[in-house]
Amino acid sequence: MQIQGSVAVVSGGASGLGEATVRRLSAAGARCLIADLNADRGKALADELGGAFAQTDVSDADQVQAAVAQAAELGPVRAAISCAGIGWVGRVINRDNSPHDLMPFQKVIEVNVIGTFNMMRFGASAIAASEPNDDGERGVLVNTASVAAFDGQTGQLAYSASKGGIVGMTLPAARDLAPVGIRVITIAPGLMDTPLLGLLGDEGKAKLAADVIFPKRLGAADDYAALVQHIAENPYLNGETIRLDGAIRLPPK
Ligand SMILES: NC(=O)c1ccc[n+]([C@@H]2O[C@H](COP(=O)([O-])OP(=O)(O)OC[C@H]3O[C@@H](n4cnc5c(N)ncnc54)[C@H](O)[C@@H]3O)[C@@H](O)[C@H]2O)c1
């Protein structure tokens, strides 16, 4: 798809991987609607880049629908990119053998899986209303899983389940949306240097980077954004989850 002149909705676009994506797509000529909980950062970024902001909790269907409708007022929606996500640490049973609480597990599923599902369905519905290009393509959905979908570490039960759910939606959604010319790709990042890892400090980050095979560093948010741009521009990528991880395979802990 052609990025120039298109509209992209980016959930989680106020920070980290989503922010880098908004910056890159805007530089390539798209108008981005940032759908995020964080109004201060989201509005400031939208103002800086000439985009738009909608305060959105992705797990709330009405709010996602309203955000996508707002995006459609800017021009033809061609991309819905899901970067909003949360984590949780907890084992199947705690050290005192009491069971993992249901609530945090449910919350992670609501934000990560249902939130992505909401972005996919309302995003695709808007993209389907736009004119196809000469190859019959209308646009693309990009989701964000994690390498934890495949090599979940101890304590990552809820997070891995949610990211596995996103991987699982990728192929059936690509098949569902083929008749309207919408591609679906999921990115599974490894260890990325975003505000999510900010609490670790430089020493903690260096420790994490030691497990990366090559290049021996954390991923940059723009490594992710560059892949989103490539996915948007490469019409033959579809129905696949792409690891973006410097070949890391997460150890048990
Ligand atoms: N940073 C990493 O190492 C890493 C690795 C693998 C996967 N991921 C995934 O990448 C995505 C982006 O992570 P990041 O590192 O950029 O994090 P981040 O914390 O920098 O950004 C996440 C953004 O999502 C927003 N958000 C959170 N819950 C929301 C909700 N319910 N509705 C709308 N917006 C919401 C936050 O306000 C924030 O702006 C997440 O899905 C995360 O699981 C990150």
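Let me start with helix 6: the face turned away from its buried side carries Glu 203, Ala 206 and Lys 207, which are exposed (over 50% relative accessible area; buried is under 20% and partly exposed is in between, with a 1.4 Å probe and protein chains only). The buried residues of this helix are Gly 204, Lys 205 and Ala 209. They sit on the same side of helix 6 because they cover an arc of only 140 degrees around the axis, taken from the directions from the helix axis to the C-beta atoms. Those buried residues pack against strand 7 (192–193), where contact means heavy atoms within 4.5 Å. Helices here are DSSP runs of H or I with at least four residues, strands are E runs of at least two, and both are numbered from the N terminus.

A quick word on the model, friends. It is predicted, so local features need pLDDT of at least 70 and side-chain atom pairs count only at pLDDT 80 or more, while totals for chains, interfaces and linings use all residues. Residues are numbered from 1 along each chain as its sequence is written, and side-chain values use heavy atoms, with hydrogens and water left out.

Now, the inside. Which residues touch the most other members of the largest nonpolar core? They are Ile 81, Val 142, Tyr 224 and Ile 231, out of 32 residues in that core. A nonpolar core is a set of buried Ala, Val, Leu, Ile, Met, Phe, Trp, Tyr and Cys residues joined through side-chain atoms within 4.5 Å. Helix 7 (221–233) supplies the largest share of this core, 7 residues. Not counting residues up to four places away in sequence, Ile 231 touches Val 140, Val 142, Arg 183, Ile 185, Ile 187, Leu 237 and Ile 242. A second, separate core has 31 residues, including Val 58 and Met 120.

Let's move to two single residues. Gln 156 lies in the loop between strand 5 (139–144) and helix 5. Is Gln 156 buried or exposed? Gln 156 is buried, with a relative accessible area of 17%. Leaving aside neighbours within four places in sequence, its contacts are Gly 90, Ala 148, Asp 151, Ala 161 and Leu 250.

Ala 66, by contrast, sits in helix 3 (residues 61–72) and is partly exposed, at 44% relative accessibility. Ala 66 and Ala 124 are 58 residues apart in sequence and 14 Å apart in space, C-alpha to C-alpha.
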